[in-house]
Each structure stands twice: as structure tokens, then as C-alpha cells.
Amino acid sequence: MAMVCLSDFEAYARKYLPKIAWDYFAAGADDCTTRDENILAYKRIRFRPRMLRDVSVMDIRTKILGSEISFPVGIAPTGFHQLAWPDGEKSTARAARAMNTCYIASTYSTCTLEEISAAAPGGLRWFQLYIHRNRAASQQLVLRAEALGFQGLVLTADLPYTGKRRDDVRNGFRLPPHMKVKNLEGAFEVCKMSPSFHSLHWQYGLPPNSLDPSVTWNDIYWLQSLTRLPIIIKGILTREDAELAVRHGVQGIIVSNHGGRQLDEGPAAIDALVEVVEAVQGRVEVYVDGGIRKGSDVLKALALGAKCVFIGRPAIWGLAYKGEEGLQDVLRILQDEFRLSMALAG
């Protein structure tokens, strides 16, 4: 079948991934209202195209925190890529480098930071951090990422606890025995679990209560004391928090509702973007993720003030289709559609 648009990759992944893996990647929290709204909100936005502009030459390159990328689409941090493709995050890193864009590697990768770096030397990579109760483990990850040449630290702010993703609960989601949360191996005492399902957290490969729900804005100062890397905060949805982010000296904000996987009934990411961009007034770079399915969505996000967008689930669909090659196809389609939308909008 010809892969013409991102929904072709979605259909392929839905058909060929094991149900438990598909459900994990597709999951939203509770009723999935926010997950679905992320996509619907883009559909409600309309262009005001301008005519008879010379669009014979178009430059779609941009810079994020001073690093040039070939077009304003990067890869958002998502966990457990080996569920989609045997080489996991190594393939993701290679595809991002081949397309000359940014890949944000997740704390919850099924490959180590070292493996990800070695797979695509010289690629532009940021590292996404969850702060765990075991602060020493989080500190080690930050130091490892910096030593390996990762160029940004992305702090996820919207996950003090894991959202309730009903299909994962129904499926009793666990990582297959041969997969591990590689970056955190040995960081936690692994205790024997009874088959009963008291803790939702066990689904995600770590012991219950390992995330630190006491993290506050002051922990940004703690991170700044550990690293010289620029800090980007992910999960901001309001003017108030955007102001606080700037005040605490972050270099970037990713407007995100975690793909609708955390608090259900919050705003669609693209709707929250407008409020955040207005609050920030150019003092830090603002990016957005959640709901981007077409090149025209990328243009809408840029028109509303984003510097760049990041894709989550579509990257997984690309991996599920053909690994690194499939993910490159997804990025190339978005790139072509974005260029065409730019031209047709004048």
C-alpha cells in the first residue's frame, strides 16, 4: 500500500502491532477527551491565504536554541520504542540525524543513552528527564546526558503521578521480559509483585511510587546547579506557568498535555499555545506537541507563535512500519506537506 499521509502509517501500526503495544501508544487518560481534542482543535483553525506572492524559493530551515534543523519538526520524547521496532530508540536517533532534526530521548527509553548516542553520532539530541524520588539516579542521568553530548535537558512537569489509561489497566500492561527501562536499570530495588494490580505504576516498568510528586519550581535551580545544558520545560498549558518558567530561567517551553495521557479535560495543546506565546513575549523559545498529523498543522502552530513542533505517536507509527526508514518517511511526508502549505498560503 502506498504510504501517502500520516494516517496511512497509523492504520499500518494499528493493524500490525500487538494489541497491548498499540493500546499503550494510543492511550489517552480517562475518556480520552483531551487526546482527541488535540487533533480536533487543529481542524478548527483556518488559514487566510495570500495570493501572487513569489513562492518559487522557500527556506524551511529554522534554529532551535541556536542549532539549525532542516525544518521545524522534531521528535517528542516517548517511551519504549522497542515495543514498535526491535532496534528501538537507536533507529529513532538515526532517522532524526538523517533528516537533520532534533530527537528528544526519553528517560523511559528501551536503549541506554550511550546506545542512542553511538547509533547516530553528531545528531542533535535533547534528553527528557523525569525526576524520581531517587534523586541520585536523576542526577546521574543528567550528568550522563551532558557527557554524551546531548544539547538540551527537557524537564517533564506534568507527571507527578501517571494518568489513568484505561486500556493499559485492562491489559495489565507490563514491558515484555526482554525489555527494560534501560537508563534506570539498578536505580530501584525491584520487589516481587503479586499478580494483583494494586499499583498502576508497575505497568511502566518501574516500582510503584518511584516518580517524585514533590517536585516544584525550585527544582529547576537544582537542575541548573548540576548542568550547563539549557533547560526546556515540557507540559506548560497556562499563562501563569509560562511566566514562572521564564522567571526561573528556563530557555524553552514545550506546550504539551502529554498527548492527552495525563489530566483529561485540559486544553488542546494548540489552544494553550496562544496563551503561552502571549505571556512569554519572545523571552524564551516556545514549542508545541500533541495532535500534529499534517504539514498544514505545523504551519498553523508556527503561525500561532511556535518556533518548532514535536511529534510523538506519528514517530512510533513510522518505526512500526519500517524502523528508521519508516520514521524517515513520516518526517519526509510532513516536510513536503509543510512546504506545500507554506507555498499555497503565500
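His 258 has a relative accessibility of 10%, so it counts as buried, since the cut-off for buried is under 20%. That's worth a look, as the unreviewed UniProt entry puts the feature "active site" at this very residue. Keep in mind that this is a predicted model. You'll find His 258 in the loop that runs between β8 (252-255) and α10 (269-280). Setting aside neighbours within four places in sequence, His 258 touches Tyr 130, Thr 156, Asp 158, Leu 159, Arg 165 and Lys 234.

Now follow the chain onward from that loop. Together, β8, α10 and β9 form a right-handed β-α-β unit. From β9 the chain then goes through helix α11 (residues 295-303) to β10, in another β-α-β crossover that is right-handed. The pairing of β8 with β9 is parallel, over four bridges, and Ile 253 has Val 286 of β9 as its bridge partner. On to β10 (residues 308-311): β9 pairs with this strand in the parallel sense too, over three bridges, with Asp 289 opposite Phe 310.

So how enclosed is β9 itself? Five of the five residues of β9 (285-289) are buried, so the strand is largely enclosed by the rest of the structure. Glu 285, Tyr 287 and Asp 289 point one way, while Val 286 and Val 288 point the other.

Helix α2 (residues 19-26) is mostly covered as well, with six of its eight residues buried. Its cover includes α1, α3, α7 and α12.

How far can you trust the model? The average pLDDT is 95, and 96% of the residues score at least 70.

Definitions and conventions: Residues are numbered from 1 along each chain as its sequence is written. This is a predicted model: local features need pLDDT of at least 70, side-chain atom pairs count only at pLDDT 80 or more; totals for chains, interfaces and linings use all residues. Side-chain values use heavy atoms; hydrogens and water are left out. Buried means under 20% relative accessible area, exposed over 50%, partly exposed in between (1.4 Å probe, protein chains only). Helices (H or I, at least four residues) and strands (E, at least two) are DSSP runs, numbered from the N terminus. Contact means heavy atoms within 4.5 Å. UniProt positions are given in the numbering used here, feature names are shortened, and annotations may be inferred rather than shown by experiment. pLDDT is the predictor's confidence in each residue, from 0 to 100. Two strands pair if DSSP finds at least two bridges between them. A crossover is right-handed if, with the strands pointing away from the viewer, the path from the first strand over the helix to the second runs clockwise.
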